[in-house]
Amino acid sequence: MKKYGFPALLWLLFEAVVVTLWLTLGSRFYLFNFTYIGACLALGVFFYGRHVKYARRLVQFAVGLYMLLYLGVLRGENMQIEGFWYYLFSGVFEAATIHYAVAKIFGPLLFGRGWCGYACWTAMVLDLLPFRVPRGPRKKLGFVRYIVFAASLVFVGGLFLLGAAGRDKILFWSFLAGNLLYYAAGVALAFGFRDNRAFCKYLCPVTVFLKPASYFSLLRVKNDTSRCVSCGRCRKVCPMDVDMVDNSRGRKNGTECILCFQCVEECPQKALHI
């Protein structure tokens, strides 16, 4: 049951979202959309529990490419933060607004920043770079993400205030251009700071949504203090610089855990667990 229970529960959670959206909006698209994402995540967790190598990376590409290529490029849905503002200002609860509500606003109350570890199409590429473990101390540049967050709001708000024609086309091209800029900035920051996840720590505007709810996340890595010998190995391998030894919700960088479980695998005393 331990091997099958949690993946099954995760899949059922997404199916509950599927049924709710189907009954509320009457769109069959959501039957496929969230069933697919939920199945990918559940299978990834199951394979991870069976110690299948690269299980998390497979989920990253299965969900990330679906969001980027199918929804973004083929269907023309801007799933970036600009798409969220666009649908929000349009008064339409679909596409990006539903995605953000489920994955990035209310979802983190259950699974924290798990989205960043298993589904982000930007991180799926950055995690392939050679600096999986940060090679230097964390920089005090987190404020930049708030500037990018505000800029995205001003950009989309400006389109509505100015009554720009063809806003849907502008949003589509901004999706393509935005992703290219994100990848370029992410790679540059990774090599500049020798840290694959530098983009997530300093630049990504989505974290402004993720951080508050992640503080109260139900699913989080905990430390069995009776086993812990304070060797510090969990801190050294954490890509997000989280102090996993501390069980408090106020632990250092606690809202940035992406549930990659590198710390769990590295712990010699098996003191870390969900």
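Biologist: Hi! How do the axes of helix H4 and helix H5 cross?

Modeller: Hello! The axes of helix H4 (residues 81-90) and helix H5 (residues 96-105) come within 8 Å of each other, and they cross at roughly 120°. Axes here are lines fitted to C-alpha atoms, for helices over the stretch in contact, with angles running from 0 to 180 degrees between N-to-C directions. Helices are DSSP runs (H or I, at least four residues), as strands are (E, at least two), numbered from the N terminus. Bear in mind that this is a predicted model, where local features need pLDDT of at least 70 and side-chain atom pairs count only at pLDDT 80 or more, while totals for chains, interfaces and linings use all residues. Residues are numbered from 1 along each chain as its sequence is written, and side-chain values use heavy atoms, leaving out hydrogens and water.

Biologist: Good to know. What does that angle make of H4 and H5?

Modeller: H4 and H5 are therefore oblique to each other. Angles under 35 degrees count as roughly parallel, over 145 as roughly antiparallel, 65 to 115 as roughly perpendicular and the rest as oblique. Their crossing is left-handed, that is, the near helix is turned anticlockwise from the far one by less than a right angle, whereas clockwise would be right-handed.

Biologist: And which residues meet there?

Modeller: On the H4 side, Ile 81, Gly 83, Phe 84, Tyr 87 and Leu 88 meet Ala 96, Thr 97, Tyr 100 and Ile 105 of H5. Sorted by class, that contact has 7 nonpolar, 2 polar and no charged residues. Contact means heavy atoms within 4.5 Å. For the classes, Ala, Val, Leu, Ile, Met, Phe, Trp, Tyr, Cys and Pro count as nonpolar, Asp, Glu, Lys and Arg as charged, and the others, Gly among them, as polar.

Biologist: What does H5 do with H12?

Modeller: H5 packs on helix H12 (residues 207-214) at about 45°, with the axes 9 Å apart. That makes H5 oblique to H12. Tyr 100, Ala 103, Lys 104 and Ile 105 of H5 touch Phe 209, Leu 210 and Ala 213 of H12. The contact of H5 with H12 has 6 nonpolar, no polar and 1 charged residues.

Biologist: Now H2 and H3. At what angle do their axes cross?

Modeller: Roughly 165°, and the axes of H2 (residues 29-49) and H3 (residues 55-74) come within 7 Å. That makes H2 roughly antiparallel to H3. The crossing of H2 with H3 is left-handed. Among the residues in contact are Phe 29, Phe 32 and Tyr 36 of H2, and Val 59, Tyr 66 and Leu 71 of H3. By class, the contact has 16 nonpolar, 2 polar and no charged residues.

Biologist: Changing topic: how many cavities of 30 Å³ or more are there?

Modeller: There are 6. On a 1 Å grid over the protein atoms alone, a cavity is a set of points where a 1.4 Å probe fits but cannot get out, a pocket is an open set with protein on both sides within 12 Å along at least five of seven lines, and lining residues have an atom within 4 Å of a point. Grid points are joined across faces, edges and corners, and a volume is the space filled by probe spheres set on the points.

Biologist: What lines the largest cavity?

Modeller: That cavity holds about 170 Å³. It has 18 lining residues, with Trp 115, Cys 120, Thr 122, Cys 204 and Val 206 closest to its centre. H5, helix H7 (114-118) and H11 each give two or more residues to the lining. The lining has 13 nonpolar, 2 polar and 3 charged residues.

Biologist: And how much space is in the second largest pocket?

Modeller: About 340 Å³. Of its 21 lining residues, Pro 137, Arg 138, Asp 241, Lys 252 and Asn 253 are closest to the centre. The classes there are 6 nonpolar, 3 polar and 12 charged.
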